[in-house]
Amino acid sequence: MSAGLLFGSLVGTIIVSISGTMAASVAFLIARYFARERILKLVEGNKKFLAIDKAIGENGFRVVTLLRLSPLLPFSLGNYLYGLTSVKFVPYVFGSWLGMLPGSWAYVSAGAFGRAIIQEESNIGLPGGNGQLLTLGLGLLVTALAATYVTRLAKDAIKDIDDE
(Lines give C-alpha, C1' and ligand atoms only; values in the text may rest on other atoms or scores of the structure.)
Protein backbone atom coordinates (compact mmCIF):
# COMPACT_ATOMS: atom_id res chain seq x y z
CA MET A 1 0.00 0.00 0.00
CA SER A 2 2.88 2.33 0.78
CA ALA A 3 4.27 1.83 -2.72
CA GLY A 4 0.90 2.83 -4.18
CA LEU A 5 0.72 5.87 -1.94
CA LEU A 6 4.25 6.94 -2.84
CA PHE A 7 4.56 5.93 -6.50
CA GLY A 8 1.07 5.25 -7.89
CA SER A 9 -0.38 1.98 -9.20
CA LEU A 10 1.91 1.17 -12.13
CA VAL A 11 5.33 2.12 -10.71
CA GLY A 12 4.36 0.88 -7.25
CA THR A 13 3.29 -2.51 -8.61
CA ILE A 14 6.55 -2.86 -10.54
CA ILE A 15 8.60 -2.04 -7.43
CA VAL A 16 6.60 -4.38 -5.17
CA SER A 17 6.63 -7.15 -7.77
CA ILE A 18 10.40 -7.04 -8.21
CA SER A 19 11.23 -6.68 -4.51
CA GLY A 20 8.71 -9.34 -3.43
CA THR A 21 10.04 -11.83 -5.97
CA MET A 22 13.63 -11.12 -4.95
CA ALA A 23 12.82 -11.60 -1.25
CA ALA A 24 10.96 -14.85 -1.99
CA SER A 25 13.92 -16.08 -4.04
CA VAL A 26 16.42 -15.38 -1.26
CA ALA A 27 14.28 -17.26 1.29
CA PHE A 28 13.91 -20.17 -1.16
CA LEU A 29 17.68 -20.37 -1.67
CA ILE A 30 18.35 -20.22 2.08
CA ALA A 31 16.03 -23.18 2.66
CA ARG A 32 17.34 -25.06 -0.38
CA TYR A 33 21.02 -24.82 0.49
CA PHE A 34 20.92 -24.84 4.28
CA ALA A 35 18.06 -27.21 5.15
CA ARG A 36 16.99 -29.42 2.22
CA GLU A 37 19.65 -32.09 2.71
CA ARG A 38 18.82 -32.38 6.41
CA ILE A 39 15.12 -32.75 5.64
CA LEU A 40 15.81 -35.41 3.00
CA LYS A 41 17.83 -37.39 5.54
CA LEU A 42 14.97 -37.19 8.05
CA VAL A 43 12.41 -38.51 5.56
CA GLU A 44 14.73 -40.91 3.74
CA GLY A 45 12.48 -43.95 4.10
CA ASN A 46 9.15 -42.14 3.76
CA LYS A 47 7.97 -43.10 0.26
CA LYS A 48 4.84 -40.96 0.46
CA PHE A 49 6.78 -37.78 1.24
CA LEU A 50 9.26 -38.51 -1.53
CA ALA A 51 6.43 -39.18 -4.02
CA ILE A 52 4.67 -35.93 -3.14
CA ASP A 53 7.98 -34.07 -3.32
CA LYS A 54 8.62 -35.54 -6.78
CA ALA A 55 5.12 -34.62 -7.98
CA ILE A 56 5.49 -31.06 -6.71
CA GLY A 57 8.90 -30.83 -8.36
CA GLU A 58 7.52 -32.01 -11.70
CA ASN A 59 4.62 -29.54 -11.56
CA GLY A 60 6.49 -26.79 -9.73
CA PHE A 61 5.45 -23.78 -11.79
CA ARG A 62 1.74 -24.63 -11.63
CA VAL A 63 1.79 -25.56 -7.94
CA VAL A 64 3.69 -22.43 -6.92
CA THR A 65 1.56 -20.12 -9.08
CA LEU A 66 -1.73 -21.54 -7.83
CA LEU A 67 -0.70 -21.53 -4.19
CA ARG A 68 0.59 -17.96 -4.48
CA LEU A 69 -2.87 -16.96 -5.71
CA SER A 70 -4.38 -18.55 -2.61
CA PRO A 71 -4.21 -17.09 0.90
CA LEU A 72 -4.05 -20.60 2.43
CA LEU A 73 -0.26 -20.67 2.70
CA PRO A 74 1.42 -17.57 4.14
CA PHE A 75 4.01 -16.24 1.68
CA SER A 76 6.92 -16.10 4.09
CA LEU A 77 6.39 -19.70 5.22
CA GLY A 78 5.82 -20.82 1.63
CA ASN A 79 9.13 -19.32 0.51
CA TYR A 80 11.01 -21.62 2.86
CA LEU A 81 8.78 -24.67 2.30
CA TYR A 82 9.23 -24.51 -1.47
CA GLY A 83 12.98 -24.43 -0.91
CA LEU A 84 12.68 -27.74 0.93
CA THR A 85 10.93 -29.37 -2.03
CA SER A 86 12.35 -30.41 -5.38
CA VAL A 87 10.81 -27.41 -7.17
CA LYS A 88 13.42 -26.01 -9.56
CA PHE A 89 14.55 -22.43 -8.94
CA VAL A 90 13.52 -20.79 -12.25
CA PRO A 91 9.96 -22.21 -12.27
CA TYR A 92 9.69 -21.19 -8.61
CA VAL A 93 10.74 -17.60 -9.38
CA PHE A 94 8.37 -17.21 -12.34
CA GLY A 95 5.51 -18.97 -10.54
CA SER A 96 6.02 -16.76 -7.49
CA TRP A 97 6.13 -13.61 -9.58
CA LEU A 98 3.02 -14.48 -11.57
CA GLY A 99 1.09 -15.73 -8.54
CA MET A 100 1.94 -12.71 -6.38
CA LEU A 101 1.23 -10.15 -9.10
CA PRO A 102 -2.59 -9.87 -8.68
CA GLY A 103 -2.33 -9.45 -4.90
CA SER A 104 0.50 -6.97 -5.23
CA TRP A 105 -1.50 -4.95 -7.74
CA ALA A 106 -4.56 -4.97 -5.46
CA TYR A 107 -2.66 -3.70 -2.41
CA VAL A 108 -0.69 -1.13 -4.38
CA SER A 109 -3.89 0.08 -6.04
CA ALA A 110 -5.48 0.53 -2.62
CA GLY A 111 -2.52 2.72 -1.67
CA ALA A 112 -2.81 4.65 -4.93
CA PHE A 113 -6.50 5.18 -4.21
CA GLY A 114 -5.51 6.65 -0.85
CA ARG A 115 -3.03 8.87 -2.64
CA ALA A 116 -5.77 10.10 -4.96
CA ILE A 117 -8.04 10.88 -2.02
CA ILE A 118 -5.26 12.75 -0.25
CA GLN A 119 -4.53 14.77 -3.38
CA GLU A 120 -8.27 15.25 -4.01
CA GLU A 121 -7.79 14.16 -7.63
CA SER A 122 -10.34 11.38 -7.51
CA ASN A 123 -14.04 11.36 -8.27
CA ILE A 124 -14.24 7.66 -7.47
CA GLY A 125 -16.86 6.67 -4.90
CA LEU A 126 -16.18 4.72 -1.75
CA PRO A 127 -14.77 1.21 -2.27
CA GLY A 128 -17.01 -1.79 -1.77
CA GLY A 129 -20.27 -2.86 -3.28
CA ASN A 130 -20.42 -5.36 -6.13
CA GLY A 131 -16.78 -4.91 -7.12
CA GLN A 132 -15.60 -5.95 -3.67
CA LEU A 133 -17.93 -8.97 -3.67
CA LEU A 134 -16.68 -10.00 -7.13
CA THR A 135 -13.06 -9.77 -5.98
CA LEU A 136 -13.81 -11.81 -2.87
CA GLY A 137 -15.70 -14.42 -4.91
CA LEU A 138 -12.87 -14.71 -7.41
CA GLY A 139 -10.35 -15.09 -4.60
CA LEU A 140 -12.39 -17.88 -3.01
CA LEU A 141 -12.76 -19.63 -6.38
CA VAL A 142 -9.00 -19.51 -7.05
CA THR A 143 -8.32 -20.78 -3.52
CA ALA A 144 -10.69 -23.72 -4.02
CA LEU A 145 -9.17 -24.56 -7.42
CA ALA A 146 -5.62 -24.39 -6.07
CA ALA A 147 -6.47 -26.58 -3.07
CA THR A 148 -8.25 -29.11 -5.31
CA TYR A 149 -5.34 -29.27 -7.76
CA VAL A 150 -2.67 -29.69 -5.09
CA THR A 151 -4.78 -32.30 -3.27
CA ARG A 152 -5.28 -34.27 -6.50
CA LEU A 153 -1.57 -34.06 -7.24
CA ALA A 154 -0.71 -35.40 -3.78
CA LYS A 155 -3.31 -38.21 -4.03
CA ASP A 156 -1.99 -39.25 -7.45
CA ALA A 157 1.57 -39.33 -6.11
CA ILE A 158 0.52 -41.47 -3.13
CA LYS A 159 -1.53 -43.77 -5.39
CA ASP A 160 1.51 -44.30 -7.61
CA ILE A 161 3.52 -45.36 -4.55
CA ASP A 162 0.75 -47.69 -3.34
CA ASP A 163 0.53 -49.29 -6.80
CA GLU A 164 4.23 -50.18 -6.77
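**Exercise 1.** Which residues in H2 meet which residues in H7?

*Solution.* The model is predicted. Start with the H2 side of the contact: Ser-9, Gly-12, Thr-13, Val-16, Ser-17, Gly-20, Thr-21, Ala-24, Ser-25, Phe-28 and Leu-29. These meet Phe-89, Tyr-92, Val-93, Trp-97, Met-100, Leu-101, Ser-104, Trp-105, Val-108, Ser-109 and Ala-112 in H7. Then sort the contact of H2 with H7 by class: 13 residues are nonpolar, nine are polar and none is charged.

**Exercise 2.** Describe how helix H2 is placed against helix H7.

*Solution.* Helix H2 covers residues 9-34 and helix H7 covers residues 89-118. Their axes are 8 Å apart, and the packing angle is about 140°. H2 is therefore oblique to H7, as angles over 145 degrees would be needed for roughly antiparallel. The crossing of H2 past H7 is right-handed.

**Exercise 3.** Find the aromatic pairs, and work out how Phe-28 and Tyr-92 are arranged.

*Solution.* Searching the whole structure gives three aromatic pairs. In one of them, the ring centres of Phe-28 and Tyr-92 are 4.2 Å apart and the planes lie at 20°, so this pair is stacked. Phe-28 belongs to helix H2 and Tyr-92 to helix H7, so the pair ties together parts 64 residues apart in sequence.

**Exercise 4.** Compare the UniProt record with the model for residues 6-31 and 89-113.

*Solution.* The unreviewed UniProt entry gives "transmembrane region" at residues 6-31, 89-113 and 133-151. In the model, residues 6-31 are 96% helix and 0% strand, with end C-alpha atoms 33 Å apart. Residues 89-113 are 100% helix and 0% strand, and their end C-alpha atoms lie 35 Å apart.

Key
Residues numbered from 1 in each chain as written. Predicted model: local features only at pLDDT ≥ 70, side-chain atom pairs only at ≥ 80, totals over all residues. Heavy atoms only, no water. Axes fitted to C-alpha atoms, helices over the stretch in contact; angles between N-to-C directions. Helix = DSSP H or I, 4+ residues; strand = E, 2+ residues; numbered from the N terminus. Parallel < 35°, antiparallel > 145°, perpendicular 65-115°, else oblique. Left-handed = near helix turned anticlockwise from the far one by under 90°. Contact = heavy atoms within 4.5 Å. Nonpolar A, V, L, I, M, F, W, Y, C, P; charged D, E, K, R; others polar. UniProt positions renumbered as here; feature names shortened; annotations may be inferred. Phe/Tyr/Trp six-rings, centres within 6.5 Å; stacked < 30°, edge-to-face > 60°.
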